[in-house]
Amino acid sequence: MLNADLITDAARRRLVPFIGAGASKWAKPNGGGTFSDWAKFLNDATSLLDDNRLKGKIEQLVKEKEYLFASQLLKEKLGHQWENFVRDSFGKKAPPSRLHKAITSLTPRITVTTNFDKLIETAWDIEHSNDRSYPTIITKIDKDAFKLFRDDNNYIIKLHGDIDKQEEMIFDK
């Protein structure tokens, strides 16, 4: 049974889709491979460490799903190596998944994601290639972010940041 309110809200652009890491794992990066979920990303980063005690601590944090604390420790310990690893992991170019395309085909005025990658932006560009402007990308919530409630423009809110602004990405508690 279809929900009539949901259909009406979609038609009026009142839906605000929330996109998590599960959406990106279905995309196939150019050159092969996949986009990692949090656990795989952190476990792969842990393999860069020389300190076996710290490796064990981070592996335990990942098992306990304490991803932000694990990533904070990795970021602090790996330094520039962390920045390169993040870029290699989330900066991959890829055609968006069917899910990304389906979400952007709804033409939501506001889309929220925790993903760092560019897949939702790429899907938007494909689905709306005849639009006159791109959606505004918001990567941090500050007093200016709330202007989106006062206009009719399109927005993509990247709650944890964007791969192009690593200094603003949220990897810690």
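Colleague: In which loop is the place of P108?

Modeller: P108 is placed in the loop between helix 7 and strand 2. Helices (H or I, at least four residues) and strands (E, at least two) are DSSP runs, numbered from the N terminus. This is a predicted model, in which local features need pLDDT of at least 70 and side-chain atom pairs count only at pLDDT 80 or more, while totals for chains, interfaces and linings use all residues. Residues are numbered from 1 along each chain as its sequence is written, and side-chain values use heavy atoms, with hydrogens and water left out.

Colleague: Is P108 buried or exposed?

Modeller: Buried means under 20% relative accessible area, exposed over 50%, and partly exposed in between (1.4 Å probe, protein chains only). P108 has a relative accessible area of 4%, so P108 is buried.

Colleague: Which residues does P108 touch, not counting residues up to four places away in sequence?

Modeller: Contact means heavy atoms within 4.5 Å. On that basis P108 touches R13, L15, P17, I103, W124 and N154. The C-alpha atoms of P108 and W124 are separated by 10.0 Å, and the two residues are 16 residues apart along the chain.

Colleague: W124 leads us to helix 8. Which residues of helix 8 are buried, and against what do they pack?

Modeller: Helix 8 covers residues 119–127, and its buried residues are L119, I120, E121, A123 and W124. They pack against helix 2 (21–24) and helix 7 (98–105), as well as strand 1 (18–19), strand 2 (110–113), strand 3 (136–138) and strand 4 (155–158).

Colleague: In what order do the strands form the sheet?

Modeller: Two strands pair if DSSP finds at least two bridges between them. Here 4 strands form an open sheet with parallel pairing, in the order 1-2-4-3. Strand 1 and strand 3 are the edge strands, each pairing on one side only. Strand 2 pairs with strand 1 over 2 bridges and with strand 4 over 4 bridges. V112 stands opposite F18 and also opposite I157 in strand 4.

Colleague: Which residues have the most contacts inside the largest nonpolar core?

Modeller: In soluble globular proteins, nonpolar side chains tend to be buried together. A nonpolar core is a set of buried Ala, Val, Leu, Ile, Met, Phe, Trp, Tyr and Cys residues joined through side-chain atoms within 4.5 Å. The largest one has 20 residues, and F41, I58, L74, W82, V86 and F171 have the most contacts inside it. Helix 3 (38–46), helix 4 (52–63), helix 5 (67–78) and helix 6 (80–90) each supply at least two residues of this core. A second, separate core of 7 residues includes I138, A145, L148 and Y155. Beyond its neighbours within four places in sequence, F171 is in contact with several residues, including W38, F41, W82, V86 and F116.

Colleague: How many helices and strands does the protein chain have, and what percentage of its residues count as buried?

Modeller: The protein chain has 8 helices and 4 strands. Of its 173 residues, 38% count as buried. Among contacts with a separation of 6 or more, 68% join residues 24 or more positions apart.
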